[in-house]
Amino acid sequence: MTERLELVVIGAGPAGMEAAIAAAEANMAVTVIDGYARPGGQYFKQVSPPLKSDNLTARQKQAEFLFGRMEELGVRVFSDTLVWNAYPAIEKGEWMLSLYGPGAPDSLQTKSLIIASGTYDRPVPFPGWTLPGVMTAGAVQIMLKTQQIIPGHRFLLSGTGPLQLAVGAQLIQAGAEVVAVLEANSVGLAQFRHAPAMWGQWAKLREGWDYWSTLRRAGVPLHYGRAVIEARGQQEVEEVVTARLDTDMTPIPGTEQTVAVDTLVIGYGFLPSTELTRLLGCDHDYVPEQLYYVPRRNDEMQTSLPGVYAAGDGAGVGGVELSRIEGRIAGLAAARELGHLDAATARNLLAREQPALARERRFARMLTEMFAIGPGFTALAKDDTYICRCEEVTKQEIVEAIELGSDSLIWVKRMTRAGMGLCQGRVCGQWIARLLAEQLNKDPVDMLLDTVRPPIRPIPMCSSEVSNND
Amino acid sequence: MRVAQSNSNLPVIERGQPISLQVNGQLVSAYEGETIAGVLFAEGRRILRHTMKDSRPRSIFCGIGVCYDCLVTVNGAPNVRACVTPVTEGMVIETQTRERK
């Protein structure tokens, strides 16, 4: 017998936790489903219990507050649990979720759904990017932060955006050697146009300044308009090739330099996890500067489907503060829709969030413009570079499949297996879409959204829900 | 490698209870609370598997369980994500080679 609920929140990061708390404060029974061992998401990732927390006390305190609040309010959390399917229930306006995880039921039915699926580091294919020693900035940070393990000896960071400075500074503090930090975007006078969006963001600017100072003091050079274009090595990274980039991020020939490092950290921003909103059939919009899709939402974070909300980085990358505000708004809206908040109270509570929402959105918008990914970046992959890491499909194989008539992600997948591996296209999908757009002379807008099919995460075939469906 | 107190500017580092486990038949010591990836990296062992098609080395890439590149065999079960799986006392870990399990 499937349990019928009023609200399920998917994801226990900043947005999901705030959504759950806001709804629970309105006396709603809330169930949260999260894919990791403990709530927190990436930003509030909890240090493994036997390890003591380090210098992240301020952040840790905020996290503890949120965990405590969820507990006080009796929010039920299924950790280590994957949502592998979502579809309309027989009862109109309700949704079915299929779950896989210890202690979680096989399925749940719910009247409303807040999707706070979060984000992951944008993968960028270039020659050598599959070599051990090439890691995303997020991966390095998590290892340092939650386990105090340095994943190499001699580091070079290449990417764009503020996370790079943070990871570089954290590596220095941990005692690692950082050879250089490369920022793919150039800074010039034009960046002063962003000053209004920075006004009032003193805490964030201060944090950025601290990272920058740490790098300066350690003598780590910060190069603008330069990026790694190749990683080389037999079994692991031994050296990387860097080059200057022109304004659309195409490497400039003749500017190459070779640097001996054993670890290359790449941080080209983030991609929102949109599998669930795509699977459910929500409308999506394209964000050209960031080459990604986001679910279309109204002011209350509701998607094009009534009762389905999307909040936080999974609906467009905007950072922790914006995620928390969006989560609270979604939680309040869901509570009002099911009669747990009267219209006037809800209006007041929602109005309180608006100034911070506007401020954080301005800041997020500024970051997406300042640290955009130029179209030239598609050209980094050579003919024999793997685009699909899982199934080991090269750029050339994908281009050939397109020349033979594949005109969509699904046809490229059928012909080459690209996107058919365990990551299910999360890593390669956006790049194949760009190759398609380039080769067919189309707008990437028409290429990226592919059919998402369950299971949206790999699960063992012995999972009972799967066997029941046989 | 694990961050050394003497070598870092971090406040006091406290690790979990020491435990032992097996990696490709070798006895390895670790601390409770670490992930499989953490333990293997601390040992300097960054190659976690070789791919099935082209037998190329792979390791941690995304670090948060999205890319499925860091797969290892744990207590006989293949394709476990090293980056998100905590180690336990007596765990038997094998790196994966190209032969299909």
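Predicted model: local features only at pLDDT ≥ 70, side-chain atom pairs only at ≥ 80, totals over all residues.
In strand β13 of chain A, the residue that stands as bridge partner to Ala231(A) is Val240(A), and I start there because two strands are said to pair if DSSP finds at least two bridges between them. Strands here are DSSP runs of E with at least two residues, helices are runs of H or I with at least four, and both are numbered from the N terminus.

Residues are numbered from 1 along each chain as its sequence is written, and chains are lettered from A and ligands numbered from 1 in the order in which they are written.

Returning to chain A, β12 and β13 are part of an open sheet of three strands, ordered β12-β13-β14 with antiparallel pairing. Its edges are formed by β12 (226-232) and β14 (257-260) of chain A, each of which pairs on one side only. From one strand to the next the twist averages 30°, where axes are lines fitted to C-alpha atoms, for helices over the stretch in contact, and angles run from 0 to 180 degrees between N-to-C directions.

As for the domains of chain A, the bounds come from an automatic or database domain assignment, which gives domain 1 as 3-120 + 271-369, domain 2 as 123-268 and domain 3 as 381-446. The C-alpha centres of domain 2 and domain 3 of chain A are 27 Å apart. Five residues of domain 2 of chain A are in contact with eight residues of domain 3 of chain A, contact meaning that the C-beta atoms, placed from the backbone, lie within 7 Å. On the domain 2 side, these residues divide into four nonpolar, one polar and no charged; Ala, Val, Leu, Ile, Met, Phe, Trp, Tyr, Cys and Pro count as nonpolar, Asp, Glu, Lys and Arg as charged, and the others, Gly among them, as polar.

Let me turn to helix α1 of chain A, residues 14-25, whose twelve residues reach 16 Å from first C-alpha to last, close to the 16 Å expected at 1.5 Å a residue; the expected span is 1.5 Å times one less than the number of residues. How much of this helix is buried? Eleven of the twelve residues of α1(A) are buried, so the helix is largely enclosed by the rest of the structure. A residue is buried if 20 or more other C-beta atoms lie within 10 Å of its own, exposed if 12 or fewer, and partly exposed in between, with C-beta atoms placed from the backbone. Among the buried residues of α1(A) are Pro14(A), Met17(A), Glu18(A) and Ile21(A). Just after α1(A), Asn27(A) takes a positive phi of about 65°.

Next, the contact between the chains, which takes 39 residues from chain A and 42 residues from chain B. On the chain A side, β7 (119-121), β8 (134-136), α3 (137-147) and α4 (162-174) are the elements that give two or more residues, and α3(A) supplies the largest share, five residues. By class, that side of chain A has 20 nonpolar, twelve polar and seven charged residues.

Chain B has one helix and seven strands, which follow the pattern β-β-α-β-β-β-β-β along the sequence. Of its 101 residues, 35% count as buried. Five strands of chain B form an open sheet of mixed pairing, in the order β2-β1-β7-β5-β6. At its edges stand β2 and β6 (77-81) of chain B, each with a single partner strand, so one side of each is left without a neighbour in the sheet.

Within that sheet, β1 (18-23) and β2 (26-31) of chain B run antiparallel and are joined by six bridges; Ile19(B) has Ala30(B) as its bridge partner, and Gln22(B) stands opposite Leu27(B). The two strands form a hairpin with two residues between them, and Asn24(B) in the turn has a positive phi of about 45°.

My last point concerns Glu34(B), in the loop between β2 and α1 (36-42) of chain B. Is Glu34(B) buried or exposed? Glu34(B) is buried, with 26 other C-beta atoms within 10 Å. Glu34(B) and Val87(B), 53 residues apart in sequence, are 6.1 Å apart in space, C-alpha to C-alpha.

Methods. Contact = placed C-beta atoms within 7 Å.
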